[in-house]
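User: I would like to go through this structure with you. Could we start with the terms and then look at the chain as a whole?

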Amino acid sequence: MINAVLVFNNSGQPRLTKFYTQLVRFPVHVNDQGIPEPVRLTLVVTQDTSVQQRLISEIFTLVSNRPASACNFLPLPPLLAPPSTSTTTTDPGHYSDNPTNITYRHYATLYFILISTSTESPLALLDLIQVFVESLDSLFNNVCELDLIFNFEAMHACLAEMVVGGVVVETRVKEIVKGVRDSDKG
């Protein structure tokens, strides 16, 4: 499941933030050596914008500081990462809906970032980002950051054609573009 889609420019200014699930914050305690350790308490479900802002800031910092040759997959930062417990099940049929992965691509001046559960294939998510960018490119004839700023409705509509409630529903560029253009006519 996709938990969030984020688009940033190179300066860290969000151009799109779409959260499909409530944020689940796990309290974190920093030990004497400065290493964050999850506190084994109940998790806190929040829609608090300050948590979203911290998450956005941390994710941009993580992604933007990586070299271009690094892989495009990261674990979720400690702010929202689920605590690792010794009682974790090893049953391969047991999956968690907690967000655990960050998948991203950097195109020119924009970072496209997906936050997902462990059940999503990172390679499929990279392909989804590619389809999103190709769809935007088809809509705007060589998309640039200014297109996203002044036509944010079309960007949201494009994403809505592709992902509904965190589930991918369409990956064909022509169908996505057709759906966005049809919604503009109505």
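Analyst: A residue is called buried under 20% relative accessible area, exposed over 50%, and partly exposed in between, using a 1.4 Å probe and protein chains only. By that rule, 37% of the 186 residues of the protein chain count as buried. This is a predicted model, in which local features need pLDDT of at least 70, side-chain atom pairs count only at pLDDT 80 or more, and totals for chains, interfaces and linings use all residues. Residues are numbered from 1 along each chain as its sequence is written, and side-chain values use heavy atoms, with hydrogens and water left out.

User: How many helices and strands does the protein chain have?

Analyst: The protein chain has 5 helices and 11 strands. These are DSSP runs numbered from the N terminus, with helices being H or I of at least four residues and strands E of at least two.

User: Take helix 5. Which of its residues are buried?

Analyst: Val173, Ile176, Val177, Gly179 and Val180 are the buried residues of helix 5. They line one face of the helix, because they fall within an arc of 160° when seen down its axis; the arc is that of the directions from the helix axis to the C-beta atoms.

User: What covers those buried residues?

Analyst: The cover includes helix 2 (122-140) and helix 4 (152-162), where contact means heavy atoms within 4.5 Å.

User: And which exposed residues does the face turned away carry?

Analyst: Lys174 and Lys185 are the exposed residues on the face of helix 5 turned away from its buried side.

User: Changing topic, which residues form the nonpolar patch on the surface?

Analyst: Leu146, Ile149 and Phe150 form it, with about 310 Å² of accessible area together. Such areas come from the Shrake-Rupley method with a 1.4 Å probe, and for residues only the protein chains shown count as cover. A nonpolar patch joins Val, Leu, Ile, Met, Phe, Trp or Tyr side chains within 5 Å, from residues with over 30% relative accessible area and no salt bridge.

User: Where is isoleucine 149 found?

Analyst: Isoleucine 149 is in helix 3 (residues 145-150), and its relative accessibility of 32% makes it partly exposed.

Conventions
Patch = residues over 30% accessible without salt bridge, like charges linked within 9 Å, V, L, I, M, F, W, Y side chains within 5 Å. Salt bridge = Lys/Arg side-chain N within 4 Å of Asp/Glu carboxyl O.
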